[in-house]
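Biologist: I would like to learn how to read a model of this kind. Please start with the terms, then show me the case at hand.

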Amino acid sequence: MSNPLWSPTQAQVEQSQVYQFMQHINQAHGQKLDSYSSFHQWSVSHPESFWNEIWDRCGVIGHKGDAPYLVDGDKMPGAKWFPQARINFAENLLRYRDERSAIIFRTETDQRAELTYAELYTRVAQYAAGLKQRGVGKGDVVAGFMPNIPETLIAMLATTSLGAIWTSCSPDFGIQGVMDRFGQVKPKVLFTIPAYLYNGKKIDCIEKVEKIAAQLDSTEQVVFVPYLGQNETITDVRHACWLDAFVDTSATEVSFEPVEFSAPLYIMYSSGTTGTPKCIVHSVGGTLLQHLKEHQLHTDIRREDKLFYYTTCGWMMWNWLVSGIACGCTLVLFDGSPFAPSPSVLWDIAEQEKISVFGTSAKYIAALEKAGNKPGSSHDLSDLRAVLSTGSPLAHESFEYVYRDIKADLLLASISGGTDILSCFALGCPMLPVYTGELQCRGLGMDVAIFDDQGQEIREQKGELVCRSPFPSMPIGFWADESGEKYRSAYFAQFDNIWAHGDYGELTAHGGVIIHGRSDAVLNPGGVRIGTAEIYRQVEKVDEVQESICIGQPWKDDTRVILFVVLKPGFTLDDELSTRIKQTIRANTTPRHVPALIIQVADIPRTISGKIVELAVRKVVLGETVTNKDALANPQALELFANLPQLQS
């Protein structure tokens with residue numbers, strides 16, 4: 001058994017909120033829980049009691065109602081949580097209204113702004129009054145075509161204070177990508193900006209918004225937030241006004257509209273790389289309870305913390321991040337490129353703002369290492385106590401890089417879940433050690449297991465990641481899927497009454513989780529299932545390789561593995577480098593993992609949230625049509641994979 005990279009001291013364990021919560025459960029329920037493993041088992045064996053305790057201990061504001069708090073708890077889908085409850089999401093996030101800092105906003109150009117909790121509450125009151133005057137109420141959809149700026153959070157809180165539904169895309173989405181999303185959900189009001197900044201460039205949005213607004217017949221008001229100026233002409237945009245003409249500056253109080261626990265809160269979107277995006281509807285209560293649990297128990301967030309996550313408003317981590325204000329901490333929001341004006345920009349901010357919890361993507365950490373960046377040597381990170389990573393599996397080498405070159409004494413939490421559940425199935429825990437390549441634990445209240453193809457639970461073997469019992473943040477369903485058939489087909493078709501998430505993973509001897517990639521991207525040479533992350537991990541070790549993507553190609557009644565690589569500037573794929581890549585893969589995996597072909601390409605297609613799109617590349621290689629290229633940040637990259645002569649022989 002390998003040694004941990006980091007372990008909490010006994011004092012750190014006992015001071016953590018999750019440990020203290022476990023002791024409360026022991027006292028309140030006559031238990032003798034003495035480890036995270038035993039606590040997790042109790043939480044999934046007693047779901048109604050566990051989530052009721054989360055409500056109480058995390059201080060949910062609202063009317064809980066009487067028991068039972070879980071009805072039809074044996075049904076997926078179909079379980080009902082807190083059926084008598086009445087709550088408001090924004091009220092729970094705006095529970096603090098003092099002079100402590102709620103938001104610090106930074107940009108790549110060193111712009112800085114700050115809002116206290118009192119100022120945030122007043123701004124929400126002004127936005128909410130403007131929305132109410134335009135007739136926005138329960139069941140209406142308000143959309144944000146916005147960067148990660150304070151006004152986006154304010155607009156979301158104002159929307160949800162009225163019991164309305166919030167949805168958002170980041171402004172780097174193309175027109176068709178926006179219409180594929182907002183066109184389905186028909187927002188009544190659209191918040192947007194005239195321009196945004198990325199990698200030193202000001203990118204205008206008015207022409208794009210004009211075309212979007214012209215197609216959104218449902219939209220009665222387009223509100224321009226004067227980010228990067230207010231001198232632009234917006235008269236050609238249908239139903240447009242500037243923010244100062246929309247808000248009611250005389251408003252000082254927020255009237256929070258109570259709604260059912262299961263009322264819709266957010267509409268999220270699947271990536272849409274293989275078809276029209278699915279519109280996933282998440283509930284007020286489920287989102288709130290899950291985020292309170294994950295922030296307070298799994299991330300140990302308190303009022304004195306400063307929480308940062310590098311994200312856009314088109315990625316579910318934005319929704320996860322902004323819930324942090326329910327803990328009373330300070331959110332650090334960033335808009336811009338994480339490598340502009342230099343790779344140190346986010347670490348400059350981490351040092352200056354004394355960030356304690358730093359969240360990012362696995363891709364960013366790998367790129368930082370490839371760039372030779374060593375934040376631990378160049379920056380004072382004495383306040384940093386946790387690094388969170390998600391978006392794709394974090395390579396073993398990235399675990400080691402964080403502890404070697406960022407900080408030796410911190411909790412590195414690789415987390416996994418996604419847009420589908422707006423939360424995590426596996427994540428960090430301040431009671432537990434960190435092992436290379438492993439997510440520390442399964443989330444409390446999440447009955448996660450690994451199944452083989454026959455639906456039998458397996459351990460220390462690779463298989464399908466599933467959840468065997470209902471959990472509060474299961475989606476309400478898909479937008480306009482009245483029969484629920486699309487929803488059931490997405491998650492419950494593989495195993496009856498079991499949520500199949502679409503991840504290929506394993507449970508470790510430590511009780512941790514390893515994610516090997518998406519199930520639909522699993523390779524199958526010679527009938528042996530291989531997760532793509534297993535190959536990427538080895539390719540990362542080759543210095544000349546910037547990034548890679550691999551697919552399976554049907555070939556002579558079998559499947560052969562094709563690896564595409566983007567090399568660092570100045571390098572070309574020759575026989576020596578190709579052989580070295582194959583030898584690296586073979587030496588650390590099996591002969592089945594070794595690609596039959598390695599092909600150099602100039603770019604790799606990604607979603608706007610930064611995930612590589614293996615299925616889209618496979619479609620192009622097989623001569624099939626990719627129907628929704630607007631879901632990609634760089635759709636032109638797909639053309640590099642079409643009609644490659646190497647793939648025909």
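Modeller: First, burial: a residue is buried under 20% relative accessible area, exposed over 50%, and partly exposed in between, with a 1.4 Å probe and protein chains only. Helices (H or I, at least four residues) and strands (E, at least two) are DSSP runs, numbered from the N terminus. This is a predicted model, in which local features need pLDDT of at least 70 and side-chain atom pairs count only at pLDDT 80 or more, while totals for chains, interfaces and linings use all residues. Residues are numbered from 1 along each chain as its sequence is written, and side-chain values use heavy atoms, with hydrogens and water left out.

Biologist: Which residues of α16 are buried?

Modeller: They are E397, S398, F399, Y401, V402, Y403, D405 and I406. Helix α16 spans residues 396-406, and eight of its eleven residues are buried, so the rest of the structure largely encloses it.

Biologist: What do the buried residues of α16 pack against?

Modeller: Contact means heavy atoms within 4.5 Å. The buried residues of α16 pack against α13 (345-353), α14 (362-370), α15 (375-378), β21 (411-414) and α18 (532-539).

Biologist: How do I read strand pairing?

Modeller: Two strands pair if DSSP finds at least two bridges between them. Here β22 (residues 416-418) and β23 pair in the antiparallel sense over three bridges, and G418 has S423 of β23 as its bridge partner. Four residues lie between the strands of this hairpin, where L422 takes a positive phi near 55 degrees. Strand β23 also runs antiparallel to β24 (residues 441-442), joined by two bridges; A426 is partnered there by R442.

Biologist: Why is β23 described as largely enclosed?

Modeller: Five of the five residues of β23 (residues 423-427) are buried, so the rest of the structure largely encloses this strand.

Biologist: And empty space?

Modeller: Rolling a probe the size of a water molecule over the atoms shows where empty space is left. On a 1 Å grid over the protein atoms alone, a cavity is a set of points where a 1.4 Å probe fits but cannot get out; lining residues have an atom within 4 Å of a point. Grid points are joined across faces, edges and corners, and a volume is the space filled by probe spheres set on the points. The whole structure has two cavities of 30 Å³ or more.

Biologist: What lines the largest cavity?

Modeller: The lining is H298, T299, W320, A386, L388, L411, A413, I415, L427 and G428, around about 60 Å³ of space.

How values were computed:
1 Å grid on protein atoms, 1.4 Å probe; cavity = no way out; pocket = protein on both sides within 12 Å on 5 of 7 lines; lining within 4 Å.
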